[in-house]
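The sequence and structure are shown first.

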Amino acid sequence: SSQEKAELETIARRTRILQASNFSTGVLALKKALEFISPILSASGFRPLMVETHHIHKKDSPSGTAITLAAATSGLSSERIHSIRAGEVIGDHRVEFHGHGERVTLEHHAQSREIFARGALETALWLGKKHKSEPAGAGWLTLDDFFEERLSSLK
């Protein structure tokens, strides 16, 4: 809610808060790919849509991950997100860009819930190192911050 977000923003003035809809490395890479490719395709007349599938027990529709991926995709409105709740699917997200006579598809399939735990642990370790190197740090962080720092260390 907006009240909860305001409370978190107050806390973020004193300490670090990391917000993420999904801790999967693959989903984060998909988000970055969408941020890069979707403006190019949109400018070429492609129209995006998303299909996301989760298990029948999932309460939110669309999922937080779908909302995050949609925000990274130029021209993808909530009306063009199709949510399926079936079986015991952990989480599948497919973004399609439809152009004249062609289609570009990017997708991620979660095959194990361990990927979320592994991503959360990697991020927690990163936050711990960040706290040691910048003990007085505060602010609102996202997985984009984690990803950018990880990419810069690879160069």
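## Basis of the model

Which residues have the most contacts inside the largest nonpolar core? The model is predicted, with local features requiring pLDDT of at least 70 and side-chain atom pairs counting only at pLDDT 80 or more, while totals for chains, interfaces and linings use all residues. Residues are numbered from 1 along each chain as its sequence is written, and side-chain values use heavy atoms, with hydrogens and water left out.

## Nonpolar cores

Leu34, Met50, Leu69 and Phe97 have the most contacts inside the largest nonpolar core, which has 15 residues. A nonpolar core is a set of buried Ala, Val, Leu, Ile, Met, Phe, Trp, Tyr and Cys residues joined through side-chain atoms within 4.5 Å; buried means under 20% relative accessible area, exposed over 50% and partly exposed in between, with a 1.4 Å probe and protein chains only. Two or more residues come from each of helix 2 (25-43), helix 3 (64-71) and strand 4 (91-99). Helices (H or I, at least four residues) and strands (E, at least two) are DSSP runs numbered from the N terminus. Helix 2 supplies the largest share of this core, four residues.

Apart from this core lies another of six residues, including Trp126, Leu141, Leu143 and Phe146.

## Largest pocket

The largest pocket holds about 250 Å³ of space. A pocket is an open set of points on a 1 Å grid over the protein atoms alone, where a 1.4 Å probe fits, with protein on both sides within 12 Å along at least five of seven lines; lining residues have an atom within 4 Å of a point. Grid points are joined across faces, edges and corners, and a volume is the space filled by probe spheres set on the points.

Of the 13 lining residues, Gln19, Ala20, Ser21, Lys31 and Thr68 are the closest to the centre of this pocket. Helix 2 gives the most to the lining, with three residues.

## Second largest pocket and Asn22

The second largest pocket has a volume of about 170 Å³. Among its 17 lining residues, Asn22, His54, Lys58, Ile90 and Phe116 lie nearest the centre.

Asn22 is placed in the loop between strand 1 (16-19) and helix 2. Asn22 counts as buried because its relative accessibility is 11%. Its side chain makes a polar contact with the side chain of Thr65 at 3.0 Å; such a contact is a pair of N or O atoms within 3.5 Å, where, within protein, one must be able to donate a hydrogen and the other to accept it, and residues adjacent in sequence count only if both atoms are side-chain atoms.
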